[in-house]
Amino acid sequence: MTFKSKIDLPFSIMIFLSIAVIALAGVLPFLLGEILSFSTIILLLIVIIPTILLLILITFNTRYIFYDDYLQAKSVFFGSKIPYRDIYKVHPTGNFISGYRIMTSKDGIEIHSRSIGFGSVKISPENKDLFIEELKKRAPHADYQSK
């Protein structure tokens with residue numbers, strides 16, 4: 001069973017502003033009337049286009065997948081495998097700025113596990129209630145806290 005990550009307005013604004021700043025940094029020399037060498041233009045394109053594409057991929061490719069023995073939270077190059085047996089606490093979180101997170105919304109949940117290097121991971125499934133219901137089936141021993 002796979003759940004997409006919820007994308008909320010604050011995260012969307014943050015990604016949009018990041019992309020706008022990166023694009024502006026690439027276009028600014030042209031707007032200022034500077035004449036750039038061909039190699040400088042290629043270098044700008046090699047840096048700016050993949051960076052923007054990476055931000056877009058991270059935003060729209062974050063998923064949480066239930067396997068038989070573990071939950072996988074993944075986003076492009078990043079991810080965690082969380083064995084159900086190691087999960088000991090699950091609770092809501094509104095903090096998407098700090099900590100180890102694979103989320104695109106401030107309306108998320110934090111999963112505490114003995115197998116995660118940071119002790120917990122913050123995620124933001126689109127349908128949080130259905131996700132927690134499925135997680136309870138697979139890790140019934142964990143402490144599930146609500147708001």
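A: Setting aside residues up to four places away in sequence, Leu36 touches Pro29, Phe30, Ile41 and Leu44, where contact means heavy atoms within 4.5 Å. Leu36 is found in the loop between α1 (9-31) and α2 (38-60). Helices (H or I, at least four residues) and strands (E, at least two) are DSSP runs, numbered from the N terminus. From Leu36 to Lys89 the C-alpha distance is 55 Å, and 53 residues separate Leu36 and Lys89 in sequence.

The model is predicted, so local features need pLDDT of at least 70 and side-chain atom pairs count only at pLDDT 80 or more, while totals for chains, interfaces and linings use all residues. Residues are numbered from 1 along each chain as its sequence is written, and side-chain values use heavy atoms, with hydrogens and water left out.

Thr59 lies in helix α2. Is Thr59 buried or exposed? Its relative accessibility is 6%, so Thr59 counts as buried; the term means under 20% relative accessible area, with exposed over 50% and partly exposed in between (1.4 Å probe, protein chains only). The side chain of Thr59 reaches the backbone oxygen of Leu55 at 2.8 Å. Leaving aside neighbours within four places in sequence, Thr59 is in contact with Ile7, Phe11, Ile15 and Thr104.

Next come the strands. Strand β2 (residues 62-66) is mostly covered, with four of its five residues buried. Strand β1 (residues 2-4) pairs with β2 in the antiparallel sense over three bridges, and Lys4 has Arg63 in β2 as its bridge partner. Two strands pair if DSSP finds at least two bridges between them. Strand β3 (residues 70-75) also pairs with β2 in the antiparallel sense, over five bridges. Here the bridge partner of Tyr64 is Ala73 in β3. A hairpin of three residues joins β2 to β3. In a regular strand the side chains alternate between the two faces of the sheet.

Now the rings. A search of the whole structure finds seven aromatic pairs. One of them is Phe3 with Phe66, which is edge-to-face: 5.8 Å centre to centre and 75° between the planes. This pair links distant parts of the chain, as Phe3 is in strand β1 and Phe66 in strand β2, 63 residues apart. Rings of Phe, Tyr and Trp (its six-membered ring) pair if their centres lie within 6.5 Å; planes under 30 degrees apart count as stacked, over 60 as edge-to-face and the rest as tilted. Phe3 counts as buried because its relative accessibility is 6%. Phe66 counts as buried because its relative accessibility is 4%. Phe66 also pairs with Phe131; that pair is tilted, with 4.9 Å centre to centre and 45° between the planes. Phe66 lies in strand β2 and Phe131 in helix α3 (residues 128-138), so the pair ties together parts that are 65 residues apart in sequence. Phe131 is buried because its relative accessible area is 0%. Ring pairs link Phe3, Tyr64, Phe66, Tyr84 and Phe131 into a cluster.

Conventions. Polar contact = N/O pair within 3.5 Å; in protein donor to acceptor, adjacent residues only side chain to side chain.
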